[in-house]
Amino acid sequence: MSAATATASALPEFRAAGTDLSERRRSGLSRGPIVDLAATPGTIGVSWAADGSARIGAFTTIAMIAADRRIAAAYPGVAAAAQGLATPQIRHLATLGGNLAQRSRCWYFRNPQIDCLKKGGSDCPARSGNHLYHAAFDLGPCVAPHPSTMAMALLAYDATVTTDQRSRLTLADLLGDGTNGTADHLLAPGERIEAIDLPAPLASERAAYKRAISRTYAEWPLVEVCARTVLTGGTFRQVRIAAGGIAPVPLRLTACEAALEGKPADVENIAQAAQLATSGARPLPMTGYKLALLVGLVRDVVEQIAE
Ligand SMILES: Cc1cc2nc3c(=O)[nH]c(=O)nc-3n(C[C@H](O)[C@H](O)[C@H](O)COP(=O)(O)OP(=O)(O)OC[C@H]3O[C@@H](n4cnc5c(N)ncnc54)[C@H](O)[C@@H]3O)c2cc1C
């Protein structure tokens, strides 16, 4: 192990359910002190404001979110994302805060013998190596896709994150814009996520979530998409589409959104807009296939919410 890797791994780290951290402890990647988080009042469960907005405590498990009927009614894209990720066992334990702050799944990052930008190294070995599961939108020096399904769904809902030090961070405030290859999030050392706020849903809004995955179960998606809209007289309004698995941060597909806004919800308009999902893409030699998956998923998901 290099000196850079050893230094990076000696920082104190929070443990929520430990489903990500335990694996890094086992491999020796994380070796510093652990600060255990506890499910204190206010950090677990969902509270609702009079205007219909919701606050989800950071210690709320993914399974609780997946099973919450009021969340499913108000934020169906968030519920579907929670229902679709990992395995029942992981969802039962994993917390929302831990999901947002989980570390990269890049196989080079996870190998304690290999240096990379996120461990104080000088380059991204995936860029010149095997990056089959990596970014198709090459936004920065590190090409690992962001691993958080919940961050992607919350981006579609304009959710904000409150920590013990800062209030109402956007997902971009929390995760950056993909150009910082050295970190998975922009939390300060010791900064703890406390809650996630979801704005009140729009009247009659609908949403859907889908993922493309290399095996049917227990895997991070190759590509995932969450879309929302309000259909007014058969016309798309307030379209929001977010995608994950394709870039170092979850992305809003603004070109698709703009192409659908104000258009009749028919298959031709959806197919044309879906082609714009690749706007701004710069695939790596092995990740061009993700663009076809992305276009197909956007088409599927938007057709689903247009029904
Ligand atoms: C087989 C498998 C498949 C998976 N598939 C997916 C998937 O499809 N999509 C997906 O999103 N995830 C997936 N995961 C990852 C899983 O969702 C995460 O491991 C889990 O959400 C992490 O939550 P945790 O509470 O266990 O976090 P921990 O492991 O306890 O912590 C993870 C990281 O977050 C930090 N942290 C935890 N809580 C806080 C907080 N409140 N404030 C600041 N930092 C904090 C910790 O310091 C640590 O660095 C999968 C995992 C497995 C094993």
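**Labels and their grounds**

Modeller: The buried residues of helix H5 pack against helix H3 (62-67), helix H4 (69-74), helix H10, strand S8 (205-212) and strand S9 (223-232). Please keep in mind that this is a predicted model.

Biologist: What makes H5 (residues 76-84) a mostly covered helix?

Modeller: A residue is buried if 20 or more other C-beta atoms lie within 10 Å of its own, and seven of the nine residues of H5 are buried. These are Pro 76, Gly 77, Val 78, Ala 79, Ala 80, Ala 81 and Ala 82, so the helix is described as mostly covered.

Biologist: Why is H5 called roughly antiparallel to H10?

Modeller: The two axes come within 9 Å and cross at roughly 170°. Angles over 145 degrees count as roughly antiparallel, and therefore H5 is roughly antiparallel to H10.

Biologist: Which residues make that contact, and how do they divide into nonpolar, polar and charged?

Modeller: On the H5 side the contact is made by Gly 77, Val 78, Ala 81 and Ala 82, and on the H10 side by Thr 149, Met 150, Met 152, Ala 153, Leu 154 and Ala 156. They divide into eight nonpolar, two polar and no charged.

Biologist: Why does Ser 204 count as exposed?

Modeller: Ser 204, which is found in the loop between S7 and S8, also has a positive phi, of about 60°, without being a glycine. Its C-beta neighbours inside 10 Å number 10, and 12 or fewer is the criterion for exposed, so Ser 204 counts as exposed.

Biologist: How do you know that strand S7 (residues 193-198) is largely enclosed?

Modeller: Five of its six residues are buried, so S7 is largely enclosed by the rest of the structure.

Biologist: Why are S3 (46-48) and S6 (169-170) called edge strands?

Modeller: The open sheet of five strands has the order S3-S4-S7-S5-S6, with antiparallel pairing, and S3 and S6 each pair on one side only. For S3 the partner is strand S4 (residues 54-57), joined in the antiparallel sense over three bridges, and Val 46 stands opposite Ile 56 in S4.

Biologist: Which residues are closest to the ligand, and which element gives the largest share of the shell?

Modeller: Of the 35 residues that surround the ligand, the closest are Ala 16, Ala 17, Gly 97, Gly 98 and Ala 101. The elements that give two or more residues are strand S1 (13-15), helix H6 (88-93), helix H7 (96-101) and helix H10 (149-156), and H7 contributes the largest share, four residues. By residue class, the shell divides into 19 nonpolar, ten polar and six charged.

Technical notes:
Residues are numbered from 1 along each chain as its sequence is written. This is a predicted model: local features need pLDDT of at least 70, side-chain atom pairs count only at pLDDT 80 or more; totals for chains, interfaces and linings use all residues. Two strands pair if DSSP finds at least two bridges between them. A residue is near a molecule or strand if its C-beta atom, placed from the backbone, lies within 6 Å of it. Ala, Val, Leu, Ile, Met, Phe, Trp, Tyr, Cys and Pro count as nonpolar, Asp, Glu, Lys and Arg as charged, and the others, Gly among them, as polar. Two residues are in contact if their C-beta atoms, placed from the backbone, lie within 7 Å. Axes are lines fitted to C-alpha atoms, for helices over the stretch in contact, and angles run from 0 to 180 degrees between N-to-C directions. Angles under 35 degrees count as roughly parallel, over 145 as roughly antiparallel, 65 to 115 as roughly perpendicular and the rest as oblique.
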